[in-house]
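Subject: A structure for you to look through

Hi there,

Here is the structure I promised to hand over. Please open it first and have a look around, then read my notes below.

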Amino acid sequence: MSEEKTKSCVMCGKTIPAYSNFCPYCGAKQPWLEEDEVQNKDVEQFMKWYQKPVGKFISLVAAALVIYFVGSLFTLQDGPGHKTVARELNQYLFNAQDKTPYGKKPSVEADKNKGVTIKVSQNSQAVKELKAGKPDKWNYLVNRSRNRSKAFHKVYANQAYAKFKVIDKHDKKKVLLKVDSGDIKYNIADKYHK
């Protein structure tokens, strides 16, 4: 009977046939070794190093770092920064225009604790038309705010971004609209259409 070539298991260290893909003792997956690699001194030296506690420890640390890195790519984030949220909302609601039906230079501020504050003029064309019984321009802002608030509620881990408040930019205590997670909590239009 010819002498069978062997190697050591990379996990438990027991002697196993050189052609084994898995250790028959512990079940660990074995690296594939070509015929000439079985006798290779570098491979043999690596296998001996790997079997030592230091080699196993370093391998485990390297595996943990890879898992951590890959896992960090897929974690739920707070979302973009408050400045990015504000800039994108300004573009979405007002097309980043200075002159709008909601007054000159309406602004959007996002705070990760307080939510989104949209500042418009109470004397704007949209609010004047709302008071005159023509709510189309005001409803456009309401619907866009509601849709974006609902989307933010589903996307961002920070739920404060789903809270929208539209206020008069000249009187910060004057609230014109409140939306939370897509639900309208207060709308000044209700005051004019009872």
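**What I found**

Glutamate 109 and lysine 119 form a salt bridge, with their closest N and O atoms 3.1 Å apart. A salt bridge here is a side-chain nitrogen of Lys or Arg within 4 Å of a carboxyl oxygen of Asp or Glu. Side chains of opposite charge can pair when their charged atoms come close. Glutamate 109 sits in strand E5 and lysine 119 in strand E6, so this pair ties together parts that are 10 residues apart in sequence. (Helices are DSSP runs of H or I with at least four residues, strands are runs of E with at least two, and both are numbered from the N terminus.)

Before going on, please keep in mind that this is a predicted model: local features need pLDDT of at least 70, side-chain atom pairs count only at pLDDT 80 or more, and totals for chains, interfaces and linings use all residues. Residues are numbered from 1 along each chain as its sequence is written, and side-chain values use heavy atoms, leaving out hydrogens and water.

How confident is the predictor? The mean pLDDT of the chain is 84, and 85% of its residues reach 70 or more; pLDDT is the predictor's confidence in each residue, from 0 to 100. Among the elements, strand E9 (residues 183-187) has the highest mean pLDDT, 95, while helix H1 (residues 35-38) has the lowest, 53.

**Back to the salt bridges**

Are the two partners buried or exposed? Lysine 119 counts as buried, at 12% relative accessibility, whereas glutamate 109 is partly exposed, with a relative accessible area of 40%. Buried means under 20% relative accessible area, exposed means over 50%, and partly exposed lies in between (1.4 Å probe, protein chains only).

The count comes to two salt bridges. Lysine 137 forms one with glutamate 129, where the closest N and O atoms are 3.4 Å apart. Lysine 137 counts as partly exposed at 28% relative accessibility, and glutamate 129 counts as partly exposed at 22%.

Threonine 117 lies in strand E6 and is buried, with a relative accessible area of 16%. Which residues does threonine 117 touch, not counting residues up to four places away in sequence? They are Ser107, Val108, Glu109, Lys165 and Ile167. A contact means heavy atoms within 4.5 Å.

In the loop between strand E5 (107-111) and strand E6 (115-120) you will find lysine 112. Lysine 112 is exposed, with a relative accessible area of 53%. Leaving aside residues up to four places away in sequence, lysine 112 touches Asn158, Ala160 and Tyr161.

A search of the whole structure finds two aromatic pairs. Phenylalanine 152 and phenylalanine 164 form a tilted one, 5.9 Å centre to centre and with 55° between the planes. Phenylalanine 152 is in helix H6 (residues 136-155) and phenylalanine 164 in strand E7 (residues 163-168), so the pair ties together parts that are 12 residues apart in sequence. Rings of Phe, Tyr and Trp (its six-membered ring) pair if their centres lie within 6.5 Å; planes under 30 degrees apart count as stacked, over 60 as edge-to-face and the rest as tilted. Phenylalanine 152 counts as buried at 8% relative accessibility, and phenylalanine 164 counts as buried at 3%.

**Two loop residues with positive phi**

Asparagine 95 has a positive phi of about 55° although it is not a glycine. You can find asparagine 95 in the loop between helix H4 (82-94) and strand E3 (99-100), and it is partly exposed, with a relative accessible area of 46%. Serine 181 is another residue other than glycine with a positive phi, near 55°. Serine 181 lies in the loop between strand E8 (175-180) and E9 and is partly exposed, at 21% relative accessible area.

**The chain as a whole**

How many helices and strands does the chain have? Its secondary structure comes to seven helices and nine strands. Of the 194 residues in the chain, 32% are buried. Among contacts between residues at least 6 apart in sequence, 46% join residues at least 24 apart.

Enjoy exploring!
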